[in-house]
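Here is a short tour to read alongside the structure. Keep the view open and follow the headings in order.

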Amino acid sequence: MVMMSSSVSSFTIAPLTFFTIFLCIPLFALSYCKNPPIIFNFGDSNSDTGGLVAGLGYSVKFPNGRSFFGRSTGRLSDGRLIIDFLCQSVNTSVLRPYLESIGSTFENGANFAIAGSATLPKNVPFALNIQLMQFIHFKDRSSQLSSTGIEGLIGYDRFDDALYMIDIGQNDIADSFAKEGLSYLQVVDKIPSILAEIDNAVKEIYDQGGRKFWVHNTGPLGCLPQKLALAKNISSIDLDSFGCILSYNDAAKLFNEELRRICIGLRSEMKDATIVYVDIYAIKYDLIANSTNYGFSSPLMACCGSGGPPYNYERTVNCGFPGYQVCDQGSRFVSWDGVHYTEAANAFVASKILSANYSTPSVTFDFFCQ
């Protein structure tokens, strides 16, 4: 059913109860973590808490942020991201973007993730190696100023005990298909180079004293409404039983398997480090495949976009810009804007992460409380 308002069009789906969706979600607010970890995060839009806006002045407009913050915060979602829920689970405030110059405090860490980031090409804003360079600069300056007695900064010795999170690779794979027009085999050929950058990042942080790592694999790219809407020459034979693009998902699964192997190798090399690999793909694919059971609707359609069913995504109309459609706030969609997840979906994913059932080794997030 399509309903029109005076400013934007809105399609509605019968609201579902919070109970259905959040039954399996731990009580984020009731954490026993008395000494939260300092957290440094590296990644892309999946964990960007405002870096794109702070760094480039890019406009992320309302209704982004509507469900929790009541305003746009630079997050590409209607509310909190997975990383926000993970921070909440250990009683620490949400991570502020490294590039946010006004009103930021970095006592609990910093977020270097920027929307659109990838591992390759290197040395361009804001590739993974650039984010690492920013971190090293941050570490040096924070340590120098802290040693002079300035309060509110992270001292040199505290970097060694921090938790380092890495969530990147989605854009490398997705853009290889969508922007570069590569075939599946050509994308597969690129995967070792992508993974080498993540491997190098962990080793660089280790050389800087880091010993605690939390690594996310990439999700089912072929289930993103954006990819489905823009895919060319796709027939039913190219889709799985849930309507996702097989080649995209197969590439993601291959990337994930090799990332898992890299983490095994790093544990062998760095025996004094804790390196946790988290299977985000399995969590997200389960959510899409069993969306109705979890209280969600239309897992392959964007809540905020343009064009209506089946995907509500058009390249020329981004969420928040003239012509967009947005689902009712009581609706429960998986996808927010065709690429990023809704707060409800992010909460679901976070709950599964916190269970430790998708982590190797099976380590809970509050293990890193100091």
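Predicted model: local features only at pLDDT ≥ 70, side-chain atom pairs only at ≥ 80, totals over all residues.

Strand β8 covers residues 297–302, and five of its six residues are buried, so the rest of the structure largely encloses β8.

## The six-stranded sheet

Now turn to the open sheet, which is built from six strands in the order β4-β3-β5-β6-β7-β12, with mixed pairing. Its edges are β4 and β12 (359–360), each of which pairs on one side only. As a reminder, strands of a sheet pair through backbone hydrogen bonds, either parallel or antiparallel. Within this sheet, β6 and β7 pair in the parallel sense, over five bridges. One of the residue pairs to look for is Trp-214 with its bridge partner Val-276 in β7.

Which strands does each helix lie across? Helix α6 lies across β3, β5 (163–167) and β6, and runs at about 170° to β5. Helix α8 lies across β6, β7 and β12, and runs at about 170° to β7.

## A closer look at α8

Helix α8 spans residues 246–269, which makes 24 residues. From its first C-alpha to its last it reaches 35 Å, close to the 34 Å expected at 1.5 Å a residue.

Which residues of α8 are buried? They are Tyr-248, Asn-249, Ala-251, Ala-252, Phe-255, Asn-256, Leu-259, Ile-262, Cys-263 and Leu-266.

## Nonpolar cores

The largest nonpolar core has 85 residues. Those with the most contacts inside this core are Phe-40, Phe-42, Phe-138, Tyr-164, Trp-214, Ile-353 and Phe-365. Helix α6 supplies the largest share of this core, with nine residues. Apart from it lies another core, of 10 residues, which includes Cys-319, Tyr-324, Phe-333 and Trp-336.

Phe-42 is worth a zoom. Setting aside residues up to four places away in sequence, Phe-42 touches Phe-112, Ala-113, Leu-128, Gln-131, Leu-132, Phe-135, Tyr-164, Met-165, Ile-166, Asp-167 and Ile-205.

Thr-49 sits in the loop between β3 (39–43) and α2 (51–56). Is Thr-49 buried or exposed? Its relative accessibility is 4%, so Thr-49 counts as buried. A polar atom of the Thr-49 side chain lies 2.9 Å from the backbone oxygen of Leu-95. Not counting residues up to four places away in sequence, Thr-49 touches residues including Thr-73, Arg-75, Asp-84, Leu-95, Arg-96 and Asn-111.

Gln-226 belongs to helix α7. With a relative accessible area of 15%, Gln-226 is buried. Its side chain makes a polar contact of 3.2 Å with the side chain of Tyr-313. Leaving aside neighbours within four places in sequence, Gln-226 is in contact with Tyr-313, Gly-338 and Val-339.

## Backbone details in the loops

Most residues other than glycine have a negative phi, and most peptide bonds are trans. Which peptide bonds here are cis? One of them runs from Phe-62 to Pro-63, with omega near 20°; Pro-63 lies in the loop between α2 and α3 (82–89). Another runs from Pro-309 to Pro-310, with omega near 10°, and Pro-310 is in the loop between β9 (304–305) and β10 (325–326).

Positive phi values are worth checking too. Asn-91, though not a glycine, has a positive phi of about 60°. This residue lies in the loop between α3 and β4 (109–111), and at 39% relative accessibility Asn-91 counts as partly exposed. Asn-312 is not a glycine either, and has a positive phi of about 50°. Asn-312 is placed in the loop between β9 and β10, and at 1% relative accessibility it counts as buried.

Methods:
Residues numbered from 1 in each chain as written. Heavy atoms only, no water. Helix = DSSP H or I, 4+ residues; strand = E, 2+ residues; numbered from the N terminus. Expected span 1.5 Å × (residues − 1). Buried < 20%, exposed > 50% of the residue type's maximum accessible area, 1.4 Å probe, protein only. Core = buried A, V, L, I, M, F, W, Y, C linked by side-chain atoms within 4.5 Å. Contact = heavy atoms within 4.5 Å. Polar contact = N/O pair within 3.5 Å; in protein donor to acceptor, adjacent residues only side chain to side chain. Pairing = 2+ DSSP bridges. Axes fitted to C-alpha atoms, helices over the stretch in contact; angles between N-to-C directions.
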